[in-house]
Amino acid sequence: GTQLTAWVYSGDGDGVFNLGVTPDGIGGRSFAVDFGSGTIAIAEHATFSSTTNQATESLTLPSGQWYRAEVEFFDGGRMEGRVLDDRLNTFGTVSFTFGSASTGEVAIRGSSGTVIDTIRQLYYPSTTDHTLPDFAQFDRDQGAVISQGSVRLIDSTLTGTNRLAASSAG
């Protein structure tokens, strides 16, 4: 399977952060952390602005703190998302099984002053293979403030699905 992780700062407590995949840069699937409503969700995006939460869980995430968002993609179309604090204590977990695998480029989206740092992608060829995974990391020492507009970051040393696409909503 594949696991994506990112550190996200809740800012003023109203932002939404999505971490997932997009096959075409328009739609996709993501793990969503909604600081404003206090929910986490597995979401499906038909377009940039059309989102359906397939599974949700409520939780309390105090504002002004860093959290680790994790999403894991399993065989058979299952996605599982988790939120952890800076001591890696789990705040909440949500999962959903789609009818097909989630594929595409890594995609992130944030709003309302969401700050993102250290995005990682881990790939495990199989559950029985215990060798070190393929690894891609995108580090920003001070974090990157997601503001209005969109940006696409491509690391020329990475190929295929190890590309990072970032977008934001104002």
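Tyr9 is partly exposed, with a relative accessible area of 27%; here buried means under 20% relative accessible area, exposed over 50% and partly exposed in between (1.4 Å probe, protein chains only). This is a predicted model, in which local features need pLDDT of at least 70 and side-chain atom pairs count only at pLDDT 80 or more, while totals for chains, interfaces and linings use all residues. Residues are numbered from 1 along each chain as its sequence is written, and side-chain values use heavy atoms, with hydrogens and water left out.

**Aromatic pairs**

- The structure holds four aromatic pairs; rings of Phe, Tyr and Trp (its six-membered ring) pair if their centres lie within 6.5 Å, and planes under 30 degrees apart count as stacked, over 60 as edge-to-face and the rest as tilted.
- Tyr9 and Trp66 make a tilted pair, because their ring planes stand at 50°, with the centres 5.4 Å apart.
- Tyr9 belongs to strand β1 (residues 2-9) and Trp66 to strand β6 (residues 66-73), so this pair ties together parts that are 57 residues apart in sequence; strands (E, at least two residues) are DSSP runs, numbered from the N terminus.
- Trp66 is partly exposed, at a relative accessible area of 31%.
- Phe96 and Phe98 pair edge-to-face, with 4.9 Å from centre to centre and 75° between the planes.
- Phe96 is partly exposed at 23% relative accessibility, whereas Phe98 is buried at 5%.
- Phe35, Tyr67 and Phe91 are linked by ring pairs into a cluster.

**Charges over rings**

- The charged end of Arg29 sits over the ring of Phe98, 3.9 Å from its centre; this calls for NZ of Lys or CZ of Arg within 6 Å of the ring centre and within 35 degrees of the ring normal.
- Arg78 has its charged end over the ring of Phe74, 4.0 Å from the ring centre.

**Strands β1 and β6**

- β1 and β6 run antiparallel and are joined by eight bridges; two strands pair if DSSP finds at least two bridges between them.
- Thr2 has Phe73 in β6 as its bridge partner.
- Six of the eight residues of β1 are buried, leaving this strand mostly covered.

**The nonpolar core**

- The largest nonpolar core has 26 residues, and Phe17, Phe31 and Val33 have the most contacts inside it; such a core is a set of buried Ala, Val, Leu, Ile, Met, Phe, Trp, Tyr and Cys residues joined through side-chain atoms within 4.5 Å.
- β6 gives the largest share of this core, four residues.
- Val33 touches residues including Phe17, Leu61, Ala69 and Val83, not counting residues up to four places away in sequence; contact means heavy atoms within 4.5 Å.
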